[in-house]
Amino acid sequence: MTILLQALLNGLVSGALLAVPAIGFTAMFAVLRFPNFSVSGIATLGAFAGYVAYAAGLQIVGSLAVAFAIAGAVGLFLDRTAHMPLVKQGALPAAIASIASGLVLENVVRLLFGNELRGYDRPIARDLRIGDIRFSPQQLETMAIALAIMLAVFAALAFTRIGKSMRASADNPELAALKGIRPQRVAMMASFVGMGLVGMGGMLLGLDSSIDPLTGTRILLSIFAAAVLGGLGSAPGAVLGAFLIGIAEEAAVLAVGSAYRAAVGFFAILIVLSLRPRGLLGERAF
Amino acid sequence: MNRLAIGRRAALLSGVAAVASPSVLRAQADPIKIATLTPLTGAGGPYGPVMAKVAAAVVEEVNAAGGVLGRKVQLVSEDDQTNPDAGVRAARKLIDVDKVSAIMGTWASAVTAAVAPLCWESKTFLCTVSGADSITLLPHQGYLVRTQPNTLLQVTRAGEFLLSLGAKKTYTLVPQTPFAQRSIEILAEVSKKAGGGHGSQIYDDKKTTYRTEIDQALRFGPDAIFCAGYTPDTIVLLKDLYRAGYKGKILGQAYAVNQKLVDQIGQNEVVEGVYTFAPSVAEGSTALERVKKMSGLASPDPYTSQVYDHTNMVLLAMAVAKATTGTAIKDNIRKITQGGGKPVDNAVDGLKAITAGEKVDYAGASGPCDFDDKGDILDCKFRYEQIKAGKATLVKVA
């Protein structure tokens, strides 16, 4: 029982970290209508941008802002130059192009930083215990940051003008355009914010472990599975999906062994696509 | 404009002439091609570049002394990225495009297992530093030798070392690799024979946290945990073991628990007291001194020493065979490594002796380099170290 509760807690922590890039991924899908797989490269880029900022003396929040800005800017640039021109041919060419740009980014990071593993110079502390359940104060801190980011995103979507126009565009681009919402601007905003979130997600995931050029590639499947599970295009769905994937991956360790963790993501995608192709929460953007 | 056109035509003509010249003529000048396929990137990234460098230094020395069988040797170096897919692509290029007769230095067992069939099917000789038992059990028809002790030898020694520290109840944490299952079985046998117990878990090396895995392991209550992964995943494991408050012993492979790992964790108490083990290089040998000079390292790692041996052995086998094919290397490699003869520790001296009609017995920087029929080395010493205050300190060589 204890071990199940512990796995649940561990799953919630990793789910919260996964939710941030998953929201970014799904928000971009909602507006731009193609799965942007360059999130793998962008997450890596964000992790390294945050790493440089943190090493330069910024605190975690400041470093996250740097990760957000750099990942967002590069993501926007790639969308404008490489992906969006292809969307007219369909989602698939754009998706394939995004895989390619993800690879390019990964290797740019490799050229700049080399292959070595790097860790944020954060003190490693012993876990605290409540009864038999143990938790790490740092992980809780990271989780709290992730939750705060999520809240901010939802508040922005609900209350700000640009958030509302993003939701409107995602819902019905033609109608939104008729109402005077400029689709181009919304698309650029979605790219920037979505990729910024992915970049922060890369850094959050790297905070507790270590980063290298493959950081983003390692979490790509989990991000994609979370977004598909919750319903591609739905931000609350991405959060729900992320928590479910996080918990399922930890529970899988107990049930079938850790080596089959990757199968959890694929299995979730398989089940959702065959039983409920629109995902758990459907496609509603909010 | 006119001049430019003529210039271009002349260039074309000369190119055609070069291609059309008799192939025999070119063959005379053609160098002997051999290759390194080492991990320049990925988990093996700390080792691959210096391995390739030392192989190149051996080739350079041999060329400076006149080459092999009157021909220059050319070394082609490719990156296997510590990844079987990339390894296979690179091996295909080496075999099909460069037409090398030997590939040396494959590091990760998964890469070697993927590349080996390409080698024996194309009759290309493969020298590897991978340890998984399964590798020499492949139907390689003799086209493979390895200088790294196999899993059986390595894990048996690791288990005996843990016993000597008083750890009878052991636990293996190992990523999904060709040596995972065997490592577990062997350590279980060693521990149980001594009246202890053994638990194990195979984990996914791409996870960013191992909290649940470690909860599982600690429920077993082990005296010692054998972390048999590579550097990236072992970093996460050690951090999580520290967070979990584990106070028992930890043993890791020296190729994973290295200075990079210590620097990267950046907090000495997390790695304090962790034991490491590795096949020892041939301490005190003249070959090792040469490797130190070639690599620029004060204490070269076993893989760099092994690839030095690979290069020397391949070139000597060619000289004895008076032929440069993979099959020639296969048929002659044991003639220069064992069975007595003039002891040599480098190809240049060996080549001179062979030209003079002498039999040679190569012993290198990684050890005596004697092979059984399967391609495994017959004997090897191990080096045990413990991390104290962020530095590896020698426990013993045995």
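1. Helix 10 (residues 235-255) and helix 11 (residues 261-275) of chain A have axes that come within 9 Å and cross at roughly 135°, and the two helices are therefore oblique to each other. Axes are lines fitted to C-alpha atoms, for helices over the stretch in contact, with angles from 0 to 180 degrees between N-to-C directions.

2. The model is predicted: local features need pLDDT of at least 70 and side-chain atom pairs pLDDT 80 or more, while totals for chains, interfaces and linings use all residues. Residues are numbered from 1 along each chain as its sequence is written, and chains are lettered from A and ligands numbered from 1 in the order in which they are written.

3. On helix 10 of chain A, A:I245, A:A248, A:E249, A:A252 and A:V253 meet A:R261, A:V264, A:G265 and A:A268 of helix 11 of chain A (contact: C-beta atoms, placed from the backbone, within 7 Å). These residues divide into six nonpolar, one polar and two charged.

4. Helix 2 (residues 39-55) and helix 3 (residues 60-87) of chain A have axes that come within 8 Å and cross at roughly 140°; these helices are therefore also oblique to each other. Their contact has eleven nonpolar, five polar and no charged residues.

5. Between chains, 31 residues of chain A are in contact with 33 residues of chain B. Helix 1 of chain A gives the most to the chain A side, with five residues. That side divides into ten nonpolar, ten polar and eleven charged residues.

Conventions. Helices (H or I, at least four residues) and strands (E, at least two) are DSSP runs, numbered from the N terminus. Angles under 35 degrees count as roughly parallel, over 145 as roughly antiparallel, 65 to 115 as roughly perpendicular and the rest as oblique. Two residues are in contact if their C-beta atoms, placed from the backbone, lie within 7 Å. Ala, Val, Leu, Ile, Met, Phe, Trp, Tyr, Cys and Pro count as nonpolar, Asp, Glu, Lys and Arg as charged, and the others, Gly among them, as polar.
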